[in-house]
Amino acid sequence: MPDAPGLELIRGEIERDHPGAVTSTSFDREQAALLVDPAQLIAVLTWLRNTPGQGYRFLSSLHAADYLPAEPRFGVHYELINRERVERIRVKAMLSDPGDGSLPQLDSCVELFPTANFQEREVFDFFGIEFRGHPELTRILLPEDYVGWPQRRDFPVGGEPVTFTYNERNYG
Amino acid sequence: MAEHEVREAIAFEDAAALTTADLTGELSEDRTTELMTVNIGPHHPATHGVLRLVVDLEGEVVRDLKPVIGYVHTGIEKSCEDKSYWKVIPFVERMDYVSYFFQMQAYCGAVEQLVGLEIPPRAKYLRTLFLELNRIHSHLVWLGTTALDLGAISMLWYCFRERDRILDLFEMAAGQRMHTRYFQVGGVIEDIPLGFEQKCRSFAEDMPVRVGQYEALLDRNEVFLQRTKGVGIVDRERLLDLGVTGPLLRAAGEPWDLRKATPYLVYPELDFKIPVGTVGDNYDRYRVRVAEMVESAKIVAQCLDALPEGPFIAEDRKYVLPPRSELSTSMESLIHHFKLVTEGFRVEAGEVYNAIESPRGELGCYVLADGSSKPARVHFRDASFVNLQSFADMAADSYIADMICSLGMLDPILGGVDR
Amino acid sequence: MEIERRSFTARQASARDMLRGDLEGEDLERYVEEKVVTTTFEKMLNLARSNSIFPLTFGLACCAIEAPISIVTARYDLARFGAEALRASPRQADLIILSGRVSIKMAPVVRRLYDQMLEPKWAISMGACSSSGGMFANYAVVQGADKFMPIDLHIPGCPPRPEAVMYGFTKLQRKIQGNPDQGWRQRYNAVGTEEWARGGPASTPSPEAAEAYLAAREMSLA
């Protein structure tokens, strides 16, 4: 885990090569995170992966979270590891819901990190975030014809109430 | 496809001189290289759980493979958002249903990081002990079922004999054989009873002997060697690109284990080795896991020796239930108990990703807290889910039987894959 | 097929007499009666069916580790009940044990498997998840396999211990033999406490369901 000064150094270096890419950093509970502009996400990931001093070549996890009611709503997280120095860094791209029924879009990083294949499909399946450039962006865990994006905060949990005879008899 | 032409009746004496080509017409180029798509599963005796494989076959050789998953998708992550933090623990246990302690550890570790809670040393040792027992358990289930798939049927009985001993230990400590909800935020839910240490120690002593017996059955068995040696090789770089971790990566020669790389709990103080393979074929995967069982037995013995006295759960009553004996004497304890049981503890906004080494690889838990008493998002980075992406590489250009062998050695648990 | 049995010493004495050739008259008749079992063909068939069930190797989730894997292993041996031969093909199986949560993607597959099984067939819903959705009251789990297929026996637990599965299995055997464990409501004075599934006591069941219920009632009271 790069410590707080190390994180600021990384941010400074990215600023030199890709100005405006990193919008903010956060070092919370000893976990370093870079908040990144979605349009320059691939550039930042490539920089972190290929720059000789950095070498964050292992994508450990790609997942998303819905920060409703905060705006922008969706955060896509990339957990990267540098295995030589054993350091983790998190890259976050925040997207908002376009609102008109179309899906939020982000560039796919499947060429950089082939492990993202299933994981981007899972994010698409649960949140409805489209990854441009993904070879086969279909639902992976839910049935192919399922309608709705379950993991969004405004999607109901589902299930049904349990009917008990006592309640039916007394409360109708 | 050539049309069927009606052939005239052929005299019997001439039949012997005919070849297949005569009888069926010309064999066009397409006929010889035609790919047949076959569906395997989701109900199949050899897929470890409800995994569906859509396989493109050329004869008996697998050319392409696509896993279709989601048949045991339970919406656990969504259910977790609806429950208070400690009620989430039984849910996350049931994801990867063979290594349940690991999910509990990943989640409890994440929440403890979010909250800033220190767990007492006895709890750390107990957690490590149970994690390693669960690692042995998971590898035993793997060995039994995979050997069954390969035809070494009696291995199932031997492995499950040991597994029942481990489950007896779990039952002694926690009351349940599987899904024990033993780990809580702050430590473990109960101390180990009298007699546990003795039984556990005798188990840890027996385990290397038993592993020796398994090896005696399989290690030099000609059929087993022919089926596993040189089969399913994927090189290290490709595995790293695909995000594969755990015994699969270690069998390919990369010594990456989160217990040594980013130590947690009491792993820094324990003395154990990490088995690493050389070639990366199925035989290496088998050897790595079997050696890991022996190492875990060593860790169990060390934990028992070094187990310190003290509380088994943190003392901070804001997050941990007070012991029941205090409830009748202390008003504060009663209030804390009430608050914790009805609403649960609140966690300030923040997010944490906590990764541990499960028997299958890196198990990561991401918890997003939004200040209320329920998590806003719980996501598990499951090892089997990511490892499954390497299956197509393993099975390409090999026979169906080799594909089945690779699937066994891949050790997917569909509960973790589908969550 | 309940037979009144004499005490062990009495039977031993008559066996000894038989060997000596000393049994005659009424004693001889009673001896022969005890040795020969007469029954209807139906009952014979059901006895045979119940003691040689072929379960389907079907495991969905966590319960699958307990059954069918753990109960066929040496400690909880299912083979002693005659159910050792687990078949992989539904066409050859009698019994499907739904061990684990049934997700919405898997439900049509399970139904198709059940349809492919040949009569007579039975279904055990093992564990809380397949009996009623279990702890997963959400969008992805079918709240009880009852919703799409007929189940003969429910086993509670999460996961049920292998002994519980064996107990359920022997209960199913008794049900197959025509002797279902329905009499407990009489024994414990609990008639009238039946829970109605999804309809309430005021709802009227379909004529076939009402008939089936009355028939089951009669069988238990008989």
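The model is predicted; local features need pLDDT of at least 70, side-chain atom pairs count only at pLDDT 80 or more, and totals for chains, interfaces and linings use all residues. Residues are numbered from 1 along each chain as its sequence is written, while chains are lettered from A and ligands numbered from 1 in the order in which they are written.

Chain B has 20 helices and nine strands. Here helices (H or I, at least four residues) and strands (E, at least two) are DSSP runs, numbered from the N terminus. Along the principal axes, the C-alpha atoms of chain B fill a box of roughly 105 × 45 × 35 Å. Of the 419 residues in chain B, 53% are buried. A residue is buried if 20 or more other C-beta atoms lie within 10 Å of its own, exposed if 12 or fewer, and partly exposed in between, with C-beta atoms placed from the backbone. Among contacts in chain B with a separation of 6 or more, 68% join residues 24 or more positions apart. Two residues are in contact if their C-beta atoms, placed from the backbone, lie within 7 Å.

Two packed helices are described by the angle between their axes and the distance between the axes.

α7(B) passes α8(B) in a left-handed crossing. A crossing is left-handed if the near helix is turned anticlockwise from the far one by less than a right angle, and right-handed if clockwise. Residues of α7(B) in this contact include B:Leu133, B:Ile136, B:Leu140 and B:Leu148. Their partners in α8(B) include B:Met155, B:Phe160, B:Ile166 and B:Leu169. By class, the contact of α7(B) with α8(B) has 13 nonpolar, three polar and two charged residues. Ala, Val, Leu, Ile, Met, Phe, Trp, Tyr, Cys and Pro count as nonpolar, Asp, Glu, Lys and Arg as charged, and the others, Gly among them, as polar.

The crossing of α8(B) past α9(B) is left-handed. Contact residues include B:Tyr158 and B:Arg165 of α8(B), and B:Phe203 and B:Tyr214 of α9(B). The contact of α8(B) with α9(B) has 10 nonpolar, one polar and four charged residues.

α7(B) passes α14(B) in a left-handed crossing. Among the contact residues are B:Tyr125 and B:Trp142 of α7(B), and B:Met293 and B:Val300 of α14(B). By class, 12 are nonpolar, three polar and four charged in the contact of α7(B) with α14(B).

B:Gly232 lies in the loop between α10 (222-228) and α11 (236-241) of chain B. B:Gly232 is buried, with 28 other C-beta atoms within 10 Å. B:Cys405 is 173 residues away from B:Gly232 in sequence, yet the two are 8.4 Å apart in space, C-alpha to C-alpha. Leaving aside neighbours within four places in sequence, the contacts of B:Gly232 include B:Asp281, B:Asp402 and B:Cys405.

Chain C has nine helices and three strands. Buried residues make up 34% of its 222 residues. In helix α5 (residues 107-116) of chain C, C:Val110, C:Leu113 and C:Tyr114 are buried. Seen down the axis of α5(C), these residues fall within an arc of 100 degrees, so they line one face of the helix. The arc is that of the directions from the helix axis to the C-beta atoms. On the other side of α5(C), C:Pro108, C:Arg112 and C:Asp115 are exposed. The cover over the buried residues includes β1 (95-99) and β2 (122-126) of chain C.

The contact between the chains takes 27 residues from chain C and 27 residues from chain B. On the side of chain C, α4 (62-69) and α5 are the elements that give two or more residues.
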